[in-house]
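Hi everyone, thanks for coming.

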Amino acid sequence: MPRAVYVLALGVFAMVTSEFAVAGLMPQLAEGLDATVPQIGYLITAFSVAMSFGGPFLAVALLRMRQKAALMLLFAIFLVGNLLAATASGYPVMLVARVVSGVAAQAFFGISISLCAQLARPEIRGRAIAVLMNGLMLGTLLGLPLATVIGEHLGWRAAFWAVAVLTAAVALCTLAGVPDADHAEGTGSLRDELGALRDRRLWLAFVTSTLIIGATFTLFSYVNPILTGLTGFSAGSVPLLLVAYGAATVLGNTVVGRLADQYALPVLATGLALNTLFLAGLALLAQFRVPAVALLLGVGLVGVTMNPAMASRVQRIGGSRPLVNTVHNSFITLGVILSSLLGGLAIDALGLRAVLWLGTAMAAAGLLTLLPDALRARRSAVPEQGSGAGGNIRRGPDAKVVETLTIGS
């Protein structure tokens, strides 16, 4: 595995830590910025919306740059965003800071995945992307708790100063440890990048990724009230359960990364099927502590951990182009936005369990979006000696998932 992939993962870790910091610092930010807690919640929404809709435009603007130079520019923009947050004189400045940081983070993710695919040998690209995505998992496992602890003991400004220092340090590591690379696949022209987005299979893959992340975040976005309100855990127990959840995501991401290159479609099908069962089980059994914890860890194992398989599927169709990867990550972020928005509406209308049933429905819908690719893989199975009674059919790994998806058809 190229060492540069681990350096890129540090960049993802820094940006995810900044993304999640607001969630852990809500009371301090509300007091310091003279705002309400719901207004602080809008800062999370602003970051996500900036990622989803602003990131691709920034990625387009950087197409002509060499990828390492583009990463350094994105570090600089992200650093400015966190310095603005650390010195914010009021809520409007903080809002601008989060938008700036969100746009830079999304473009960074897209270019990093593209560069990661270039640096790794084709047969280990999925594993390399899993290493990169471990930066995201560690942001959940370590970044959020660390930012929260710093904010509680030294103030919320100190937390953003810490992220700024981390960003600068990782930028220097990237400058020294990541080799320069030319543009990704194709000429790097806008026409080529947009041309890759014309494939309808690519948009179906984007939708699948949105539903995978959306289903998972219906639980993660409301995990605190679910565990305290439905399961009956104390507020002090929730951080420990989140650490366990984060550890499960690291484990699951590592396993999926090793399988994603050869078995992207079967892995996605299996993950979505299990996530459907885990979320439905949690909706039914949330009042019982042991099953609830087991099911929570199950979602951790098969939820966001599908990222390497999602990325492998997208790159098989659209290549490792920066814009393709950035748009893909925008659809992933859209899943977070939809889960928090629709989840809030579901809770208001029907109570906490409703958000788990919403996640179940989204996971099941994601499974259905795999059917066209599964059927296409079945049709493309190559006969070794003919398709008659005596012929044997050679199937690729992705074709094998068809039996799971089309059983009984």
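This is a predicted model: local features need pLDDT of at least 70, side-chain atom pairs count only at pLDDT 80 or more; totals for chains, interfaces and linings use all residues.

Let's start with one word: a contact means heavy atoms within 4.5 Å. With that in hand, take the contacts in this chain with a separation of 6 or more: residues 24 or more positions apart account for 83% of them.

Residues are numbered from 1 along each chain as its sequence is written, and side-chain values use heavy atoms, with hydrogens and water left out.

Okay, the overall picture. The chain has 17 helices and 2 strands; these are DSSP runs numbered from the N terminus, with helices being H or I of at least four residues and strands E of at least two. Of its 409 residues, 56% count as buried. Buried means under 20% relative accessible area, exposed means over 50%, and partly exposed is in between, using a 1.4 Å probe and protein chains only. The accessible surface comes to about 16,700 Å², and 68% of that belongs to carbon and sulfur atoms. Those areas come from the Shrake-Rupley method with a 1.4 Å probe, and for residues only the protein chains shown count as cover.

Now the inside. A nonpolar core is a set of buried Ala, Val, Leu, Ile, Met, Phe, Trp, Tyr and Cys residues joined through side-chain atoms within 4.5 Å. The largest one here has 46 residues, and Ile-213, Leu-219, Met-306 and Leu-356 have the most contacts inside it. Which helix gives the largest share of this core? That's H11, with 13 residues. Met-306 touches Ile-212, Val-256, Val-267, Leu-268 and Gly-271, if we skip residues up to four places away in sequence. Apart from this core lies another, of 41 residues, including Phe-47 and Val-170.

Leu-251, Val-255, Leu-259, Tyr-263 and Leu-301 form a nonpolar patch on the surface, with about 400 Å² of accessible area together. Patches are made of residues with over 30% relative accessible area and no salt bridge, joining like charges within 9 Å and nonpolar side chains (Val, Leu, Ile, Met, Phe, Trp, Tyr) within 5 Å. Helix H11, residues 238-285, gives the most to this patch, with 4 residues. Val-255 sits in H11 and counts as partly exposed, at 43% relative accessibility.

Next, charges. A salt bridge is a side-chain nitrogen of Lys or Arg within 4 Å of a carboxyl oxygen of Asp or Glu. How many does the structure hold? It holds 1. Asp-373 pairs with Arg-313, and the closest N and O atoms are 3.0 Å apart. Asp-373 lies in helix H16 (residues 371-379) and Arg-313 in helix H13, so the pair ties together parts that are 60 residues apart in sequence. Are these two buried or exposed? Asp-373 is buried, and so is Arg-313.

Last stop: Thr-17, in helix H1, residues 3-24. Thr-17 is buried, at 5% relative accessible area. The side chain of Thr-17 reaches the backbone oxygen of Phe-13 at 2.8 Å. Leaving out residues up to four places away in sequence, Thr-17 touches Gly-139, Gly-143, Ala-147 and Val-163.

Notes: A polar contact is a pair of N or O atoms within 3.5 Å; within protein, one must be able to donate a hydrogen and the other to accept it, and residues adjacent in sequence count only if both atoms are side-chain atoms.
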